[in-house]
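Thanks for coming, everyone. Today I would like to talk through how two parts of one chain meet, so please have the structure open while I speak.

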Amino acid sequence: MAIQQKLSLMIPGPTPVPEKVLEALARHPIGHRSKDFQDLVEITTKNLKWLHQTENDVLTITGSGTAAMEAGIISTLSKGDKVICGENGKFGQRWVKVAKEFGLEVIKIDAEWGTPLNPDNFKKILEKDHKKEIKAVILTHSETSTGVINDLKMISSHIRNHNKALSIIDCVTSLGACNVPIDEWELDIVASGSQKGYMIPPGLSFVSVSKKAWQASEKSNLPKFYLNLQSYKKSLSSNSNPYTPAVNLVFALDESLKMMKDEGLVKIFQRHQRHKLAVSEAAKTLNLKLFADEKNLSPSVTAIQTGEIDAENFRKIIKNKYDILLAGGQDHLKGKIFRVGHLGYVNDRDIISVIAAIGNTLVEQNKISTERVGEALKIASYHLKVS
Ligand SMILES: *Cc1c(COP(=O)(O)O)cnc(C)c1O
């Protein structure tokens, strides 16, 4: 049986939480209108801007990542607005649903799950829009369901050339895992969530909002109340929140952002890159096929095909025997793939352990020789080396 206290979360959220952050969560709450809390909001907001590489406003919402995305959409757009939605996985699909739910006219650009969105498809549609009817481009940077990273740098350059459409980007599993220079790429709305790269339990989400997006928000007529970003902007000017925030999660945020600053952005990105390479190369050495296109692997999650092996049963064995939780496939991928999360508070030991656990389980099922496991660990160690 799995031991809860030892359970290692190798899923793309919730991710492991450092002790320091757990301790912050256990503190007594303080009044959210107090000076102490305002000081805390001031510091966390400053550090969030650092993490987002932006001078734009970064707002903190009590809610999950979906709340942040929904807030971005409903705070800037109006009924019947034409938007492009990129869809190459479960999360892209969700944003199509949200957009339609709010009465937006959706032009879908899709790609087969496991492959990236083609930036040229965005370019073509945006270039043809001479009347500037397209009001936003909504897409997911790192598609967690398939382990694919989309070429946001290229797609955002096409959005910039259009000059009218806002970019509304789900960076939930890319922010804090790889470079997302918001100001350089001129991204208008960027959403993320605490239980991913931030190393905090679920409950907070973050939205960065550009000047252009604030201008659009003046005219937005979609129904909204709790998720109206204007309210968050207004109260942030006095380092406050419009409603009672999850105070203890903000304590946790303060600790985790300090840890991230200590490590530094470049080192954080390099660590995720090394872990991605170690896991993906080791998986191939174990005779497993990657699900995602190899040139576009997400920095935070690796999706692995299991062929004739039932992926759900495989995950169960790994959990019970090694206390490592892997993520399953979603929808039609259930039973066909498992996903290894290497996002947030993950170190080399976690990576070596998960590779050994996967390898040993394959040996027990007579799928590979023990030598293969050795080879996989050797390849992984090579990629884990800090250059
Ligand atoms: C986790 C995740 C979200 C947010 O999901 P919530 O459950 O609402 O926090 C959004 N997009 C991606 C790509 C994710 O991985």
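In this predicted model, domain 1 and domain 2 bury about 2200 Å² between them, and 66% of that area lies on carbon and sulfur atoms. If you wonder why I begin with an area, it is because the size of an interface is often given as the accessible area lost when the parts come together. On the side of domain 1, the residues that lose the most area to domain 2 are L265, F269 and N296, which together account for 24% of what that side buries.

Domain 1 is made of residues 8-13 together with 265-386, while domain 2 runs over 19-262. Their centres, taken over C-alpha atoms, are 28 Å apart, and the contact takes 25 residues from domain 1 and 27 residues from domain 2.

Which polar and charged pairs cross this interface? There are eight residue pairs in polar contact across the interface of domain 1 and domain 2, and one salt bridge is found there as well. K90 forms a salt bridge with D331, in which the closest N and O atoms are 3.0 Å apart.

Which elements give two or more residues to the side of domain 1 that touches domain 2? They are the helix α10 (265-285) and the strands β12 (301-305) and β14 (337-341), and the largest share, four residues, comes from α10. Sorted by class, that side of domain 1 has 14 nonpolar, eight polar and three charged residues.

Definitions and conventions. Residues are numbered from 1 along each chain as its sequence is written. This is a predicted model: local features need pLDDT of at least 70, side-chain atom pairs count only at pLDDT 80 or more; totals for chains, interfaces and linings use all residues. Side-chain values use heavy atoms; hydrogens and water are left out. Domain bounds come from an automatic or database domain assignment. Contact means heavy atoms within 4.5 Å. Buried area is the accessible area (1.4 Å probe) that two parts lose on being put together, summed over both. A salt bridge is a side-chain nitrogen of Lys or Arg within 4 Å of a carboxyl oxygen of Asp or Glu. A polar contact is a pair of N or O atoms within 3.5 Å; within protein, one must be able to donate a hydrogen and the other to accept it, and residues adjacent in sequence count only if both atoms are side-chain atoms. Ala, Val, Leu, Ile, Met, Phe, Trp, Tyr, Cys and Pro count as nonpolar, Asp, Glu, Lys and Arg as charged, and the others, Gly among them, as polar.
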